[in-house]
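Please consult the sequence and the structure while reading the points below.

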Amino acid sequence: MATDDKTPDIYEIKLQEQLEVVQQCQKEHKIPSCMQCKEVIGCEIRKSYVNAVYQSMSKGEGGGFEF
């Protein structure tokens, strides 16, 4: 019988950390979404979060990611 051990991998851990940073920033700016922030374009916090999402999805196996 297989166990369903869902231990988070390094990519999921990094994603969770970046999510917490984004949520804290949104809370500090009193906005529900980055899209409502005047600094959304070029924001390093959001860029790090999007990169963490991509890495989590590809598990580090994908090519480069530019946006």
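In this predicted model, helix α1 (residues 10-29) packs with helix α2 (residues 44-58) at an angle of about 155 degrees. The axes of the two helices are 9 Å apart. Angles over 145 degrees count as roughly antiparallel, and α1 and α2 are therefore roughly antiparallel to each other.

**The contact between the helices**
- The crossing of α1 and α2 is left-handed.
- On the α1 side, the residues in contact include Tyr 11, Leu 15, Leu 19, Val 22 and Cys 25.
- On the α2 side, they meet residues including Ile 45, Tyr 49, Ala 52 and Val 53.
- Classified by type, the contact of α1 with α2 comprises ten nonpolar, four polar and two charged residues.

**Helix α2**
- The 15 residues of α2 should span 21 Å at 1.5 Å a residue, and this agrees with its end C-alpha atoms, which are 21 Å apart.
- Val 50, Ala 52, Tyr 54, Ser 56 and Ser 58 are buried in α2.
- Helix α1 is included in what covers these buried residues.

**Lys 59, after α2**
- Lys 59 follows α2 and has a positive phi, near 55 degrees.
- Because its relative accessibility is 31%, Lys 59 counts as partly exposed.
- Apart from neighbours within four places in sequence, Lys 59 is in contact with Asp 9, Tyr 11 and Glu 12.
- Lys 59 and Glu 12 are separated by 47 residues in sequence, yet they lie 8.8 Å apart in space, C-alpha to C-alpha.

Note on methods:
Residues numbered from 1 in each chain as written. Predicted model: local features only at pLDDT ≥ 70, side-chain atom pairs only at ≥ 80, totals over all residues. Heavy atoms only, no water. Axes fitted to C-alpha atoms, helices over the stretch in contact; angles between N-to-C directions. Helix = DSSP H or I, 4+ residues; strand = E, 2+ residues; numbered from the N terminus. Parallel < 35°, antiparallel > 145°, perpendicular 65-115°, else oblique. Left-handed = near helix turned anticlockwise from the far one by under 90°. Contact = heavy atoms within 4.5 Å. Nonpolar A, V, L, I, M, F, W, Y, C, P; charged D, E, K, R; others polar. Expected span 1.5 Å × (residues − 1). Buried < 20%, exposed > 50% of the residue type's maximum accessible area, 1.4 Å probe, protein only.
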